[in-house]
Amino acid sequence: MVQYQSDWISRAELCDRLKISRTKLWRLMNSTKLLPAVHYCRTGTGARSALLFNHSACLLALRVKTQQ
């Protein structure tokens with residue numbers, strides 16, 4: 001059986017991998033460092049649906065942000 005590996009992960013897993021808090025992640029999203037449809041997407045149509053994050057895109061955005 002072939003196992004599909006995706007770059008899209010949950011918020012909790014992203015915070016754990018990047019070693020940042022939920023608050024820091026929220027601030028990055030509100031300051032437009034992390035953009036919808038590029039760095040994260042919603043799993044449903046509602047405003048309260050879960051978010052999935054693209055790990056490699058978020059990591060690249062944070063690296064660029066720290067080099068400025």
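T32 is located in the loop between α2 and β2. In this predicted model, the residue follows just after α2 and takes a positive phi of about 60°. Such a value is found here in a residue other than glycine. Most residues other than glycine have a negative phi. T32 is exposed, and its relative accessible area is 55%.

A second residue with a positive phi is K19, which is not a glycine and has a phi of about 60°. K19 lies in the loop between α1 and α2. With a relative accessible area of 69%, K19 is exposed, since the cut-off for that class is over 50%.

Helix α2 itself spans residues 22–30, and its buried residues are L25, L28 and M29. These three are on the same side of α2 because they cover an arc of only 100° around the axis. An α-helix has 3.6 residues a turn, so residues three or four places apart point the same way. The exposed residues W26, R27 and N30 are carried by the face of α2 that is turned away from the buried side.

The buried residues of α2 pack against several other elements. Two of these are helices, α1 (11–18) and α3 (55–67). The strands β2 (40–42) and β3 (51–54) are also packed against by the buried residues of α2.

Notes
Residues numbered from 1 in each chain as written. Predicted model: local features only at pLDDT ≥ 70, side-chain atom pairs only at ≥ 80, totals over all residues. Heavy atoms only, no water. Buried < 20%, exposed > 50% of the residue type's maximum accessible area, 1.4 Å probe, protein only. Helix = DSSP H or I, 4+ residues; strand = E, 2+ residues; numbered from the N terminus. Arc of directions from axis to C-beta. Contact = heavy atoms within 4.5 Å.
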